[in-house]
Every structure is written in structure tokens, then in C-alpha cells.
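Take a look at the protein chain below.

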Amino acid sequence: MGYRTRLVAFAAGLFAALALATPAAAATTTANAAIPPVQYCEVELISVVEWTTGHAVTIRVKNISDVPVTVHATVQIPPPGVIVQVWNATATVSGTTTWLRPSVPVLTPGREIYIPYVATGQYVPPNVFCQPA
């Protein structure tokens, strides 16, 4: 089983466990929504799960260009919500904005990354930025 397959399986299991860990909350799943295409990258929210006290999201970013690109995402969760766990990225908070910088910040052509995170509070779709390196 490859690293990506294990990561996706782990994230899916974790998200399901978190949804079940809040018994008073009825978990809902938002349909997979693609963020509008960007010139250099294909961006997709492949997993969005919401419950009363929080949510979990997995962002997939693929370099569809012929040049290396840098990638980062921002999330603006209304207070008192915060990101409590993130994988494959470093989270930096500035005011109400959380910056997610991937562990591999430069994607070569054809390469993709997954950035799963769990947060408390209201779900707000992330903004993903992709530009030539």
C-alpha cells in the first residue's frame, strides 16, 4: 500500500472517528466541491465533513502546468474556531487567517499533494494559491 493511499485511508478513518466522537452532533457531509480551476494547478476539496463543533477537510492540489509551482492555502475560520490538526503542511496563524504551507512547497509538473486538516468552529472553504516557482 503506497504512502498516498495510506494517508488518504488514515485521514478518512480519522475524519469518520472525529464525526462519531461528537455524539450530540449530527454529522453532515458536504458534497465534494472543486475550487475554481487555476492556470497552473487543479485544486479539489476531496473530503469535507462537518459536525456541530467542527469540520475536517482534505485539499488536493495537482500541478497541471509544464513548470514547477509553489503552493499554499489560507483558511479564515471565524473565532473561536481554530485548526487543531494538519498533515503535510505547517500552519501559521495571523489574526483570523491560518496559512497552510505544504511540507513540499514546490510541485514539479504532474505532481500532487494532499493537505488534510481538522478544525473547530464553522466551515469556511480554503483559498488555495498556486504560482510559478
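Along the sequence, the pattern reads α-β-β-β-β-β-β-β-β-β-β. That makes one helix and ten strands. Both are DSSP runs numbered from the N terminus: helices are H or I with at least four residues, strands are E with at least two. This is a predicted model, where local features need pLDDT of at least 70, side-chain atom pairs count only at pLDDT 80 or more, and totals for chains, interfaces and linings use all residues. Residues are numbered from 1 along each chain as its sequence is written, and side-chain values use heavy atoms, with hydrogens and water left out.

Now the chain as a whole. Of its 133 residues, 39% are buried (under 20% relative accessible area, with exposed over 50% and partly exposed in between; 1.4 Å probe, protein chains only). Contact means heavy atoms within 4.5 Å. Among contacts with a separation of 6 or more, 68% link residues 24 or more positions apart.

Next, the strand S9. Eight of its nine residues are buried. S3 runs antiparallel to S9, and nine bridges join them.

The largest one has 24 residues, and Ile59, Val61, Val71, Ile83, Leu100 and Tyr117 have the most contacts inside it. Strands S2, S3, S4, S5, S9 and S10 each supply at least two of its residues. Another core, of five residues, lies apart from it; Trp51, Ala56, Trp87 and Val118 are among its members. Back in the largest core, look at leucine 100.

Finally, find arginine 60 in strand S3. Is arginine 60 buried or exposed? Arginine 60 counts as buried because its relative accessibility is 9%. Its side chain makes a polar contact of 2.2 Å with the side chain of glutamate 42. (A polar contact is a pair of N or O atoms within 3.5 Å; within protein, one must be able to donate a hydrogen and the other to accept it, and residues adjacent in sequence count only if both atoms are side-chain atoms.) Leaving aside neighbours within four places in sequence, arginine 60 is also in contact with residues including Val43, Ile46, Glu112 and Tyr114.

Note on methods:
Core = buried A, V, L, I, M, F, W, Y, C linked by side-chain atoms within 4.5 Å. Pairing = 2+ DSSP bridges.
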